[in-house]
Amino acid sequence: MSSSVRLLIVATVAAASASFVAATLLFPPRSAIEGSLGIAYWIALTLVASALPVRLPQGTFASVSFAPIMASVVLGGPVAAGIVALIGTTDSRELRGQVPWYGTLFNHAALMMSAVGAGLVFDTTLQAIGESHDAASALVAFLGLLGAGVVYHFVSSALAVAAISLRTGVPARTVWAKDIGAIAPNLIGLVPLGWLMAQIFTLPNSVGWWATALFVVPLFTTRLAYHRYVETRELFEQTIGALANAVDARDRYTRGHSNRVSRIAEAMCRVMNLPETEIEKIKWAGLLHDVGKIGIRDNILLKEGPLDKEERILMNQHPTIGFEIVSPARQLSAEAPLILTHHEWFNGSGYPAGVEALDIPLGARILGVADAYEAMTSARPYRKTPLSHEIAIGELQKYSGIQFDPEIVPILIGLDREILDRRPERPDELPTMLHSGTPSAPDAPEGGTPPSRPMLASDDVS
């Protein structure tokens, strides 16, 4: 455990303890929760809701325990809500010993502090309303509960994101965008459900005690929706990866090319501080930028000599083919233009449409630089010996402002060599669907270079 993580845990536990003591002094539990027995009841409901948390892509966990905790805020205030959150959020992973003790301590302290904070917001709203019971006051109280829900969600999410970021090294904004941002509307949508649970609980003749338990059904349905979201996203990403690998596997020289282009482009985006949604779009476009090669014949794609004029025309169609393949997929509509334009040149001499300068999408300009560097430093059928890092950088600088955006080239040059250098490959990492021999019909990759002149960045269009 790093010192930063240890400090976060200590600070969270201290803040949670202080907030609970303050809440106890300022806002004693209200009678609507019906004392210790009522608190135990809400702990039990929260335990059921916390039993099967859903792991989100970056490592945070989501559960539907938010609703019963908000109900305890309404009925009992910050102290009762803090107790319910502290005990009721125990989940199955902790019971199986899959979470270390300090992780369990941090999780429960963070959730208790979030619940106490939410309770303080709601009780402050009730104090502002006073004894009034008209419709306007009821609306203000409900809006106060929504504000309390936002506080709970923000505090608990921020602490979870900080812990994940410190532990894994993934930027906090990445964790937030991919995990929290995706489900935040759904979580806030549980606030009205928590309010309704609290109202049902107060029904006379103990009807509320068993009627409230029926809310386990919609809570389970919501949990299932979270699980389906994670599954769908994983399937989407795996499908993109499989498609990229299928393209690369046609040629033993391009094994892993799309993954490396995507990784380099993502690193460049982070240096440029682009929004997370933009980074994800460029990352996926990097994986699929060569998908149009599916439509290029092997005798052209694998040619070991230079392409003739007709072959070059056919090869230059691959961005258009890729665009046509991807465009019908609604989830990839933002990536399709980047695939179409990643071979456009900054001076307008590229293909397929001769778009120039800033009319080329930013993502395509980033991919163009990353793609050229990766291709130059890799072996190709038309150039068996990769260029060195220094020569490739020299080519990027030479064609800066001609082929490449002059403001983006320095971004790649400034990247750490650990990102740019090729990682060792296992022989079985990616199957090659073609034999390693010379193709029967001569042809070349997406831009073979005549041996009669030096290899230039502008020649390497893979």
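Colleague: What makes the contact of R93 and D91 a salt bridge?

Modeller: In this predicted model, the side chains of R93 and D91 come to 3.0 Å, N to O. The cut-off is 4 Å between a side-chain nitrogen of Lys or Arg and a carboxyl oxygen of Asp or Glu, so the pair counts as a salt bridge.

Colleague: Why is R93 called buried?

Modeller: R93 has a relative accessible area of 16%, and buried means under 20%. D91, at 7%, is therefore buried too.

Colleague: How do you know how far apart R233 and E237 are along their helix?

Modeller: R233 and E237 are four residues apart in helix α11 (residues 216-248), which means about one helical turn between them. Their side chains meet in a salt bridge at 3.4 Å, N to O.

Colleague: Which residues are linked with E276 in a network of salt bridges?

Modeller: The network links E276 with E266, R270 and K283. In the bridge of E276 with R270, the closest N and O atoms are 3.0 Å apart.

Colleague: What makes L25 exposed?

Modeller: L25 has a relative accessible area of 70%, and exposed means over 50%, so L25 qualifies.

Key
Residues numbered from 1 in each chain as written. Predicted model: local features only at pLDDT ≥ 70, side-chain atom pairs only at ≥ 80, totals over all residues. Heavy atoms only, no water. Buried < 20%, exposed > 50% of the residue type's maximum accessible area, 1.4 Å probe, protein only. Helix = DSSP H or I, 4+ residues; strand = E, 2+ residues; numbered from the N terminus.
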